[in-house]
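Look at the fold shown here. This report walks through a helix pair and a sheet.

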Amino acid sequence: MKSASFRIILSKFKWLGYEISTSLFDFVFWFLRFPVPGMVPKPEPERKRVVFVGELLPPRTPRMAKWLVRSGGFSAVLVCSKRGFVQAFSDPHFEGVYLFRNKWHLKRILQAIPEVYLLHSFAPKSYYPDIARQTLNVPFIHDMQDVYAIYYGLSPSLRWLKKELPHEKLCLEKSSGLIANSLEPNAAYRKYLTKQKPPSLFFPLYCDDDFFFENKKALNQEDIHIVYAGGVAGSHRNPKQYGNIQFKSLILKLASQQIHFHIYPSPSNVRADYEEYEAIARESAYFHFHEPVSQQKLGEELNKYHFGILPFFKELSEQSDEKLKYATTLKLFNYLESGIPVIVSKDLRYQSWMVKRTGSGFEIGIEDLDGLKNLIVTHPYSSLKEAVSSARKSLSLKKQIKRLIGFYKQVAP
């Protein structure tokens, strides 16, 4: 455990040192207006160029950019921190991908891209989006799924989080428009006491039509397979912050009922966080730990199993009740894309409401985990599969992308 913690801390110091050591050179290059080589040319006359910019690339952004480009009226460029870029999340529909190493390098890249129609930033981290907002005089849209003010309030103990909050507040208040992937931004405005809010678009993560798979499986109560896809944390992490993605207890509860449990860690996970899960899987007949896979391959993998699970409960961490209440996660939509019903914590009130409203799964409390197998067999599996198929059609990203385009035209006519 100490080794894993040390490697994670060492990696953070390595990146911090890299950022600081390169900043002086990039500041000089920026001041002298040295060009950044290899930039994209001007966009085609019939296309408006959208620059997606941020620090930690979430899989939702390339999915959104893909359907935007397919609409025919836009081109997309990705500008992301070298540290936060995840190749498995990216998409070939970007006409250019540029990775910055510090804020001065970010400024140089943005100023070298010709004919930018608007900036579409991605959060939760808002420091670099705020730098981008101040760098180019074009419409700036802030796109939020997780909002840090909701996690632990406005006085968090974590130093890095304290530094993020002022930039988050500025991006929320001074953007040309806000895209809310969850219900968290509304709660954040109340916390920040914001009086004048920019125009906003509620745009859930939606289901990517490219990854729809038919579920042809029947449910055998003697051979049930449940899958989780997303972030995991090792036991060396502080449970107050990471308790909801530490899965040792859940692994034991499911194995005791002879339920097969599969985990696909996020491609953004550091290996130090999941080595212990690999060790558990080698010793267990009912726990299976898989290699990370890209968004393009995830649906096909998830389709092998009976249920996807969202096992996040308020008893497991010190994240606020508001965070659980309003949060949304892409894995919910990944499960629907793959055709499998969802088992969702009742503490995730917005997401459990979605599942119950569509009939695409069922909710559980933490007390239900010990008897989950008996609970599963009370839900007719064929009916759940039909509901999943219906739900994802109405939550189609292909169908909903026109709402995003309409919002672009509203804030950048």
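## The model

This is a predicted model: local features need pLDDT of at least 70, side-chain atom pairs count only at pLDDT 80 or more, and totals for chains, interfaces and linings use all residues. Residues are numbered from 1 along each chain as its sequence is written, and side-chain values use heavy atoms, with hydrogens and water left out.

## Two packed helices

Two packed helices are described by the angle between their axes and the distance between the axes. Helix 11 spans residues 295-302 and helix 13 spans residues 330-338. Helices are DSSP runs of H or I with at least four residues, strands are runs of E with at least two, and both are numbered from the N terminus. The pair packs at an angle of about 60 degrees, with axes 8 Å apart. Axes are lines fitted to C-alpha atoms, for helices over the stretch in contact, and angles run from 0 to 180 degrees between N-to-C directions.

Helix 11 and helix 13 are therefore oblique to each other. Angles under 35 degrees count as roughly parallel, over 145 as roughly antiparallel, 65 to 115 as roughly perpendicular and the rest as oblique.

## The sheet

Strands of a sheet pair through backbone hydrogen bonds, either parallel or antiparallel. Here 6 strands form an open sheet with parallel pairing, in the order 10-9-8-11-12-13. Two strands pair if DSSP finds at least two bridges between them. Strand 10 (287-289) and strand 13 (361-364) are the edges, each pairing on one side only. On average, neighbouring strands are turned by 25 degrees against each other, direction ignored.

Strand 11 (residues 307-310) runs parallel to strand 12 (residues 342-345), joined by 3 bridges. L310 has V344 in strand 12 as its bridge partner.
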